[in-house]
Amino acid sequence: MNYLSSTRIIQSVRPLFHPSIEDVTVETILHALSDPVRAAIYVDIAGSACSQSCSNFLRISERDVPKSTLSQHFKALREAGLIRGERRGVEMHNTSRSAELERRFPGLIPAIIRAHKVQGAGNAGAGTSRNKKSAAASARKR
């Protein structure tokens, strides 16, 4: 590939949309985080000290996530104002906008992150209890 054709390819890539912090609403944040995969992605990015590549999230909660689906999740998080994406070569690197969001909605993001972690801890225990109850119910039917 020559310089001219590679320049055309780079120029044809659409710029990423990042809403201004004043345009971010609680409703868009909650809607974006209503999907469990997006919530898990965001909590991980928000808890990281450095940017996270999209490829770090090809496996979430012991499930493979197709790249096309992952792209849609990142787009939803970015357009909701939760993350900032930056192209670095062929990779996208994502950082949290938590500091900006904290100034706009004090306490909202830490509360959501805490709730997500509590829910995750509760689901781990609930799944085990549910499986034990199901096994006990099956044993009684026999």
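Biologist: What is the volume of the largest pocket?

Modeller: In this predicted model, the largest pocket has a volume of about 610 Å³.

Biologist: What makes a space like that a pocket and not a cavity?

Modeller: A pocket is an open set of points, whereas a cavity is one that the probe cannot get out of. As a general point, rolling a probe the size of a water molecule over the atoms shows where empty space is left.

Biologist: How many residues line the largest pocket, and which lie nearest its centre?

Modeller: The lining has 21 residues. L16, S71, R78, R87 and M92 lie nearest the centre. The largest share is that of α4, with eight residues.

Biologist: What makes up that lining by class?

Modeller: Nine residues are nonpolar, five are polar and seven are charged. Arg counts as charged, and R78 and R87 are among the residues nearest the centre.

Biologist: What is the volume of the second largest pocket, and which residues lie nearest its centre?

Modeller: Its volume is about 410 Å³. The second largest pocket has 19 lining residues, with P36, A39, A40, H116 and Q119 nearest the centre. Both α3 (36-46) and α6 (108-141) supply at least two residues of this lining. By class, the lining of the second largest pocket has eleven nonpolar, six polar and two charged residues.

Biologist: Where is A40, and what does A40 touch?

Modeller: A40 sits in helix α3. Leaving aside residues up to four places away in sequence, A40 touches I60 and H116. Contact here means heavy atoms within 4.5 Å. The C-alpha atoms of A40 and S61 are 8.2 Å apart, though 21 residues separate the two along the chain.

Biologist: Why are α3 and α4 called roughly perpendicular?

Modeller: Start with the general rule. Two packed helices are described by the angle between their axes and the distance between the axes. The axes of α3 and α4 come within 10 Å and cross at roughly 65°. Angles of 65 to 115 degrees count as roughly perpendicular. Therefore α3 and α4 are roughly perpendicular to each other.

Biologist: What is the handedness of the crossing of α3 and α4, and which residues make the contact?

Modeller: The crossing is right-handed. From α3 come V37, R38, I41, Y42 and I45, and from α4 come L70, H73, F74, A76 and L77.

Biologist: How many residues of that contact are nonpolar?

Modeller: Eight are nonpolar, one is polar and one is charged. Arg counts as charged, and R38 of α3 is part of the contact.

Methods:
Residues numbered from 1 in each chain as written. Predicted model: local features only at pLDDT ≥ 70, side-chain atom pairs only at ≥ 80, totals over all residues. Heavy atoms only, no water. 1 Å grid on protein atoms, 1.4 Å probe; cavity = no way out; pocket = protein on both sides within 12 Å on 5 of 7 lines; lining within 4 Å. Points joined across faces, edges and corners; volume = space filled by probe spheres on them. Helix = DSSP H or I, 4+ residues; strand = E, 2+ residues; numbered from the N terminus. Axes fitted to C-alpha atoms, helices over the stretch in contact; angles between N-to-C directions. Parallel < 35°, antiparallel > 145°, perpendicular 65-115°, else oblique. Left-handed = near helix turned anticlockwise from the far one by under 90°.
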